[in-house]
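Trainee: I would like to learn how to read the side-chain and backbone features of a model such as this one. Could we go through them one by one?

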Amino acid sequence: MPKKPIIISIATQKGGVGKTTTVVNLAHALTLKPCYKKVLVIDMDPQANASSILGQVHPEEQIKGVSTLFDDAQKYAVNCIVPSKYKNIGLMPSKLDLFASVNRLAPSNPAAFMCLDKKLDSATLSAYDFILIDCPPNIGGPCVANALTVSDYYITPIESSSIFSLNGLEQFMDAVSAMRGYTDHNQEMLGVLMTMYDSRLSICKTMLEALQQSYGTRLFESKIINSTDINKAHGLNKTVIDAFTRTKSAKCYREFAVEVMQRCHLVSEEMQALIANGSPFDEDEGVNNG
């Protein structure tokens, strides 16, 4: 039996919380020391921001991707993957025409939830250790439904400086639970990730306490700090790990990748030794450009 990758959707109903940033930097970090994994990123967001950062060409110049997968009954995932600009990361890109493609899925039809699941062929599944899916901020849409239906886990980023972010989190989890009847996957929450975190702000401390009380161990210990480096990296269409390798922002995502590995029970003896020594990676390590 071919190996099966761990499939994780990064999803939330709220925009502007660092969802795409989490996807691209987690993917990049998972390919580096001490993780050394092969990752496929599926960009299910028609805004195509993950495709802009990871792709070798502009999203609108991509000749295949998620839209091809949905529009062509003969195409499977293996036919719709393009090389990214980083080694060991494959990309199934998105672009604006995905809006039209998903509208043709008739989201009121439960079978529309299973389109991506039917298209993930064995060649694709055997080629990667992780599949990360970037979802649009839309609970009920077919893009999110397709992503969550195939996922083993989901990660929900939450803005650390907005108390209103808490309001929609339970609603989102309820929506995920409602989809479980359409798939064999359990769609477990791998964790809640605090983004834009600033320990100097009282609101961030309040949010941390509230999340610890409500979610306990499901809250990632890793936190993504609020930093202009991340926005600057976006402007360069690069991951922050690539653009600003030695910064605290890059280190946050490297540490987060290690924690994801731990939660997925994939920590090797080498990784355990590195963690025990307090240095799971070297900050000046190369960024693995493709």
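Predicted model: local features only at pLDDT ≥ 70, side-chain atom pairs only at ≥ 80, totals over all residues.

Trainee: How is a pair of aromatic rings described?

Mentor: A pair of aromatic rings is described by two quantities, the distance of the centres and the angle of the planes. The structure holds two aromatic pairs. In one of them, the ring centres of Tyr154 and Phe172 are 5.8 Å apart and the planes stand at 70°, so the pair is edge-to-face. Tyr154 belongs to strand β6 (residues 153-159) and Phe172 to helix α8 (residues 165-179), so that the pair links distant parts of the chain, 18 residues apart.

Trainee: What is the geometry of the pair formed by Phe220 and Phe256?

Mentor: That pair is edge-to-face, because the planes of Phe220 and Phe256 are at 85°, with the ring centres 4.9 Å apart. This pair also links distant parts of the chain, with Phe220 in strand β8 (residues 219-225) and Phe256 in helix α12 (residues 248-263), 36 residues apart. Phe220 counts as buried because its relative accessibility is 1%, and Phe256 is buried with a relative accessible area of 0%.

Trainee: Which charged residue sits over the ring of Phe220?

Mentor: The charged end of Arg263 sits over the ring of Phe220, at 4.2 Å from its centre. A further case is Lys119, which lies over the face of Tyr76, 5.8 Å from the ring centre.

Trainee: Is Thr22 buried or exposed, and what does its side chain reach?

Mentor: Thr22, which lies in helix α1 (residues 19-31), counts as buried because its relative accessibility is 0%. The side chain of Thr22 reaches the backbone oxygen of Gly18 at 2.6 Å.

Trainee: On the backbone itself, where is a cis peptide bond found?

Mentor: The angle to look at is omega, which is about 5° for the cis peptide bond that joins Lys33 and Pro34. Pro34 has its place in the loop between α1 and β2 (39-43).

Trainee: Which residues have a positive phi although they are not glycines?

Mentor: Ala48 has a positive phi of about 60° without being a glycine, and His265 likewise has a positive phi of about 60°. Their surroundings can be read separately. Ala48 is in the loop between β2 and α2 (49-54) and is buried, with a relative accessible area of 2%. His265, for its part, is found in the loop between α12 and α13 (269-276) and is exposed, with a relative accessible area of 70%.

Trainee: What does a search of the whole structure for cavities find?

Mentor: Such a search finds one cavity of 30 Å³ or more, and about 40 Å³ of space lies in the largest cavity. Its lining includes Gln62, Lys64, Val66, Pro93 and Lys95. By class, the lining of the largest cavity has two nonpolar, five polar and two charged residues.

Definitions and conventions
Residues numbered from 1 in each chain as written. Heavy atoms only, no water. 1 Å grid on protein atoms, 1.4 Å probe; cavity = no way out; pocket = protein on both sides within 12 Å on 5 of 7 lines; lining within 4 Å. Points joined across faces, edges and corners; volume = space filled by probe spheres on them. Nonpolar A, V, L, I, M, F, W, Y, C, P; charged D, E, K, R; others polar. Phe/Tyr/Trp six-rings, centres within 6.5 Å; stacked < 30°, edge-to-face > 60°. Helix = DSSP H or I, 4+ residues; strand = E, 2+ residues; numbered from the N terminus. Buried < 20%, exposed > 50% of the residue type's maximum accessible area, 1.4 Å probe, protein only. Lys NZ or Arg CZ within 6 Å of the ring centre and 35° of its normal. Polar contact = N/O pair within 3.5 Å; in protein donor to acceptor, adjacent residues only side chain to side chain.
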